[in-house]
Amino acid sequence: MSSIKTPDEWIKILSGLLNPGQVSTSEGERYRHSHDESDHSPVEPDLVCFPESTGDVQAVLAFAKEHQIPVTAFGAGSGLEGSAIPIGKGISLNFERMNQVLHFAPEDLLVTVQPGITRLALNRRINRHGLQFPIDPGADATIGGMAATNASGTTAVCYGVMRDQILEMEVVLANGSIIHTGTKAKKSSSGYSVGGLFVGSEGTLGLITEITLKLHAIPEHIIAASCTFNTPRECAEAANNVLLMGIPVQRMEFVDATSIKKVNDYGGYGLPEQHSLFFEFAGSALSAGEDARLTEELMAELGAQNWHVAADAEERASIWKARHEMAYAYRHQPGISVTGGDVCVPISKLPDLLEHGRELIEASGLEGGLLGHIGDGNFHTSIVYDPASIEQKQLAFGINDQLAFRAIELGGSCTGEHGVGLGKQKFQESEHGEALALFKNLKHMLDPDNLLNPGKIFV
């Protein structure tokens, strides 16, 4: 065990390893790093470190290993499953100062960045070259945090998830060694694909210090459209038909009528308060227009109402702003808490699960909605409850538990993009079976002292 006992002693040593301004025990910083946007209980770290280089990360991990101190990585704090909550206290390692573009090669459609840069900051840098990083989880999350949780979002139906965008990573392991998990080439048949271990590992196996990403051209023309149906099932079946017809969509989102009403009340958007599908088509003006026309015809055949195409870029931006504000529309109400799930199933199973989710919410008597990335089988719940009522909290969490177990039974996952963190640990054995023992063996091999984000993913 460590011979040093208090954070005051830790900070003296760390301030010698780093610059004094890179270490903080202030009440404000400790509180900021005690929570994310989930409703899991906050836990304050003993201190916060702000590395500015890979060497700084190595120094902190060496100190932590010597003195057996837990280390939890922190990005933007926008997570929804408690992944960044330092339940073992110790050190919260905030990557916000490691926010640089290290190498930009537009001719190769790739960029190498530090983990603390946010997706919007990255796009501001590369958009002027006609390129984009398209993964859009809604929040302005850091690239490192998005990699750590294998984030995705509204564009996943077109571009895939975070794991699909990563070519190479630099990772500092718990013992301080540095590995690279790939190359800058678009493909390789050489060796084990170890990068996949760290994407989605939530900082439990190593700390990502550099990431090389694929980039994509900004489409020449974008069209946004929407329509409504009478039931969530009809929305899901219509979305599935779009995919089966091979119509390329850049985004395809479902929002139920309850959530539409909630965001209208929140932001005054004036959207039809019915179960809705939102589309985005991208490409040349001719191809995007043709895709929109084909989809309009298909939706009409399936009984859609209120087909509407955004008149201009401003209206298109307003539509997606409303979509991204859905969760906040529930959360902004005073005196309430909101819990949410994010299950993912094969797209043919989605109509049944959406219908089941809506029935569970209505039977509970609680306010809640369903929305999500219907094109890749992923949807979210937002369920409102009174935190002072044990009964309401149990009902709200019970809905998400039932949906998660049902998703697994249907061949899907308890979490499509939010990660496991604290909230999804209970589903890991059901989803992964015997592979969970392999997960634990890998954790022990790479982090034998259990210092990297202990208590996450599994116990």
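One term before we start: a residue is called buried when its relative accessible area is under 20%. By that cut-off, 53% of the 459 residues of the protein chain count as buried. Keep in mind that this is a predicted model.

Now the overall build. The protein chain has 17 helices and 18 strands. The C-alpha trace spans about 70 × 60 × 45 Å along its principal axes. Look at the contacts with a separation of 6 or more: 71% of them join residues 24 or more positions apart. The accessible surface is about 19,200 Å², with 52% of that belonging to carbon and sulfur atoms.

Next, helix H11. It covers residues 285–301. At 1.5 Å a residue, its 17 residues should span 24 Å, and the end C-alpha atoms are 25 Å apart, which agrees. Which residues of H11 are buried? They are Ala288, Asp291, Ala292, Thr295, Leu298 and Met299. Down the helix axis, these buried residues fall within an arc of 125 degrees, so they line one face of H11. On the other side, Leu286, Ala300 and Glu301 are exposed.

What covers the buried residues of H11? The cover includes strands E12 (221–229), E14 (275–283) and E15 (305–309), along with helix H9 (232–244). After H11 comes Gly303, with a positive phi near 95 degrees.

Nonpolar side chains in soluble globular proteins tend to be buried together. Here, the largest nonpolar core has 42 residues. Leu277, Phe279, Phe281, Met299 and Ile374 have the most contacts inside it. Elements giving two or more residues to this core include E12, H9, E14 and H11, and also helix H14 (350–364) and strand E18 (378–385). Helix H15 gives the most, with six residues.

Zoom in on Phe281. Leaving out residues up to four places away in sequence, it touches Ala288, Asp291, Ala292 and Thr295, among others. Those four are among the buried residues of H11. Phe281 also touches residues including Ile222, Ile223, Ile247 and Val249.

Last item. There is a second, separate core of 29 residues, and it includes Ile135, Ala141, Tyr159 and Phe198.

Technical notes. Residues are numbered from 1 along each chain as its sequence is written. This is a predicted model: local features need pLDDT of at least 70, side-chain atom pairs count only at pLDDT 80 or more; totals for chains, interfaces and linings use all residues. Side-chain values use heavy atoms; hydrogens and water are left out. The expected span of a helix is 1.5 Å times one less than its number of residues. Buried means under 20% relative accessible area, exposed over 50%, partly exposed in between (1.4 Å probe, protein chains only). The arc is that of the directions from the helix axis to the C-beta atoms. Contact means heavy atoms within 4.5 Å. A nonpolar core is a set of buried Ala, Val, Leu, Ile, Met, Phe, Trp, Tyr and Cys residues joined through side-chain atoms within 4.5 Å. Accessible areas come from the Shrake-Rupley method with a 1.4 Å probe; for residues, only the protein chains shown count as cover.
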